[in-house]
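I opened my notebook to look a few things up. Here is what I went through, one entry at a time.

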Amino acid sequence: MVVLRLSIVLSLLSWLAAAQKCKIVFDGRVSSDLVAADFDKPNDIFDNKFVLGKGLAFSDALRLLPAAAGGMFDVAAAAEPAEVLITDNSIFNDQVAFRRAELIPASNNGADASTQGVKTVHFSVLKDGVRPLNLSHEYQLAFLESQDFSTNQFVLKTGTILGGAGGADPDTLQLFGNVNQGQVLFSTAFQDGVFHNFALTLDFEKLTTQVFFSRANDALKAVTDVLKNDISGQGQFHFGVLKKPVGGVGDITKNGFQEAGINEGVIFGGIFEEDSADGCVSLSP
Ligand SMILES: *[C@@H]1O[C@H](CO)[C@@H](O)[C@H](O)[C@H]1NC(C)=O
């Protein structure tokens with residue numbers, strides 16, 4: 001009898017621990033009453049101006065999918081995954097050799113609390129079989145760009161990495177630490193038809209990064225130790241598609257080849273950041 005009660009108490013306690021919710025810093029999960037055009041005007045989810053090709057609006061660069069198609073953190077919040085699209089017109093700020101469209105959390109102005117203290121940023125990526133990437137090119141899918149634009153403190157890349165960094169198979173997701181050091185923190189095959197869930201615990205005081213990862217609805221697991229990584233310099237989180245040119249010399253934002261007829265996209269789910277000052281990290285919804 002006593003043993004039975006103890007086991008009930010223990011399972012209740014572990015259920016409570018699992019259900020514990022960390023404090024949210026920003027939330028990029030799109031509630032299902034919203035449509036792409038809602039992102040053309042100021043809103044409390046994503047910046048409505050950056051990063052887009054000249055003359056484009058987010059309704060040109062976003063495709064919202066049904067909530068049922070979401071990743072585990074979307075389904076739990078009844079949120080719609082958001083596909084970020086690029087075309088030949090995705091030329092931002094005269095970077096004529098890049099094609100790019102990226103989402104930046106609305107509250108993330110470059111000097112806000114999302115890049116202070118200890119935070120965990122979550123995001124999930126899924127391939128679009130209809131709008132595949134061209135793996136002859138290098139892509140950046142998620143990154144933190146410092147406030148002075150001098151570096152990316154982490155960046156998730158895929159495709160053929162310029163300069164030959166990382167592994168041999170271009171169909172790989174490679175998470176780099178600060179690009180000035182160029183260290184690959186974690187890499188994994190970019191599989192078809194399944195969400196790849198990332199969470200990065202960023203300690204902006206100790207300047208470390210720990211990576212958590214899973215596929216589909218599996219709970220996140222730590223896939224690295226707490227690694228030294230220079231994440232100083234605050235800045236903005238970008239989630240989207242930044243396609244670099246091939247064969248560029250010098251300033252590759254302006255030099256290099258991009259084939260015409262681009263129709264590419266990557267589906268994002270479960271974008272949010274939580275406060276991990278007390279060690280809280282959501283490994284599952
Ligand atoms: C992929 O990119 C390369 C280099 O830009 C280009 O030569 C090739 O035609 C592209 N392939 C497809 C299928 O678009």
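Entry 1: Before anything else I wrote down a term: a polar contact is a pair of N or O atoms within 3.5 Å. I also reminded myself that this model is predicted. Then I went to Asn134, where a polar side-chain atom lies 2.3 Å from an oxygen atom of the ligand. Which residues are around the ligand? I listed Asn134, Ser136, His137, Val246, Phe257 and Glu259.

**Entry 2: the sheet.** I followed an open sheet of six strands and noted the order as E6-E16-E8-E9-E10-E11, with antiparallel pairing. Which strands are at the edges? They are E6 and E11 (184–189), and each of them pairs on one side only. From one strand to the next, I noted a twist that averages 15 degrees. Then I looked at how E6 meets E16 (residues 236–243): the two pair in the antiparallel sense over five bridges.

**Entry 3: Arg100.** I picked Arg100, which sits in strand E6 (residues 99–103). Its bridge partner in E16 is Leu242. Is Arg100 buried or exposed? I put it down as buried, because its relative accessible area is 7% and the cut-off for buried is under 20%. I also found a polar contact of 2.8 Å between the side chains of Arg100 and Glu102. Leaving aside neighbours within four places in sequence, I saw Arg100 in contact with residues including Val51, Leu52, Gly53, Ile86, Phe143, His238 and Leu242.

**Entry 4: the core.** How many residues are in the largest nonpolar core? I wrote down 45, and the members touching the most others are Phe123, Val125, Leu141, Phe154, Leu156, Phe198 and Phe239. Strand E8 (residues 138–145) gives the largest share of this core, four residues.

I finished on Leu156 and asked what it touches, not counting residues up to four places away in sequence. My list for Leu156 has Phe123, Val125, Tyr139, Gln140, Leu141, Ala142, Leu173, Gln174, Leu175 and Phe198.

Methods:
Residues numbered from 1 in each chain as written. Predicted model: local features only at pLDDT ≥ 70, side-chain atom pairs only at ≥ 80, totals over all residues. Heavy atoms only, no water. Core = buried A, V, L, I, M, F, W, Y, C linked by side-chain atoms within 4.5 Å. Buried < 20%, exposed > 50% of the residue type's maximum accessible area, 1.4 Å probe, protein only. Contact = heavy atoms within 4.5 Å. Polar contact = N/O pair within 3.5 Å; in protein donor to acceptor, adjacent residues only side chain to side chain. Pairing = 2+ DSSP bridges. Axes fitted to C-alpha atoms, helices over the stretch in contact; angles between N-to-C directions. Near = heavy atom within 4 Å.
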